[in-house]
Amino acid sequence: MARRFDGKVAVVTGSSSGIGQAIAVRLASEGASIVIDYRSHPEGAVDIQNQIAAAGGGKTITVQADVSKVADTANLIEQAWQQLGSCDILVNNAGIENGADFWNVTEEDYDAVLDVNLKGVFFITQAFVRKLRDNKKPGRVVNISSVHEDMVFPHFASYCASKGGVRMLMRDLAVELGPLGITLNNVAPGAIITPINKGLLDDHAKLDPLLRNIPLGRLGTSEEVAGLVAYLASEEAGYITGSTFIIDGGLIRNYHEQ
Ligand code: BGC
């Protein structure tokens, strides 16, 4: 039986762990060939590659890249075309966060967060679009942003600035790239069980109040996020562009009077 992503090639940034890993596995399980990108953990990338192969998923390659480096991002797209023959889907998943009181944020911390979360998305999308434009092909971009592209997150100012930037970038490009047949949307997760919030998961003093703010009463899973990404990357989502899709168990809509 034909699968949803047969014949499609996807680059998933930051796919050696967490949400990115689940997205790579999901798209591959539906037939996509995948560029698995990792920054510093080749063993994580190879692990996923084996997992995908064992499950009969699409073809995969692993490529090392630091998405904050423009040349690395261009290489990710280049490798997709050279080794897998195309690049139809780009999932901008790689992201970092540094919690700190605003008055203590250093230039180094700020640059690290903005360079991965915003500059990285900007320039890999540019490389992705240039190739599609040259080859006259349509494409799909799905950015993993955050509920914090819209909702405040005190003590994470640089993270909020980066995710707010990704929201406007996505909206702007949806208009500019619509005529090329390229759609862009954001998936905005709330609290998901992943390595990025390990500190939170291990700290009941922080976790318990957060859980009380989530109407569904639990954290989300990477697989749940991957299901939404797969839909937005698919043919069925062809008329959707310029939107953010929140997946947060109701967190962003919650309000209580004491
Ligand atoms: C952050 C998590 C946080 C969650 C909900 C995510 O974007 O990465 O650290 O727990 O938002 O606030």
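User: Happy to dig in! What makes the side chains of K131 and E78 a salt bridge?

Analyst: Good place to start, keeping in mind that this is a predicted model. The N to O distance between K131 and E78 is 3.4 Å, and the cut-off is within 4 Å, so the pair qualifies. K131 belongs to helix 4 (residues 107-135) and E78 to helix 3 (residues 70-84), so their pairing ties together parts 53 residues apart in sequence.

User: Why is K131 called partly exposed?

Analyst: Its relative accessible area is 23%. Buried requires under 20% and exposed over 50%, so K131 falls in between and counts as partly exposed. E78, at 28%, is partly exposed by that reasoning too.

User: And why does T13 count as buried?

Analyst: T13 has 3% relative accessibility, which is under 20%, so it counts as buried. T13 sits in the loop between strand 1 and helix 1, and the residues it touches include D37, V91 and N93.

User: What makes E236 and R4 a salt bridge, and which parts does the pair tie together?

Analyst: Their closest N and O atoms are 3.5 Å apart, which is within 4 Å, so the term applies. E236 lies in the loop between helix 8 and strand 7 (243-247) and R4 in the segment before strand 1, so the pair ties together parts 232 residues apart in sequence. E236 is exposed, because its 58% is over 50%.

Technical notes
Residues numbered from 1 in each chain as written. Predicted model: local features only at pLDDT ≥ 70, side-chain atom pairs only at ≥ 80, totals over all residues. Heavy atoms only, no water. Helix = DSSP H or I, 4+ residues; strand = E, 2+ residues; numbered from the N terminus. Buried < 20%, exposed > 50% of the residue type's maximum accessible area, 1.4 Å probe, protein only. Contact = heavy atoms within 4.5 Å. Lists of a residue's contacts leave out its neighbours within four places in sequence.
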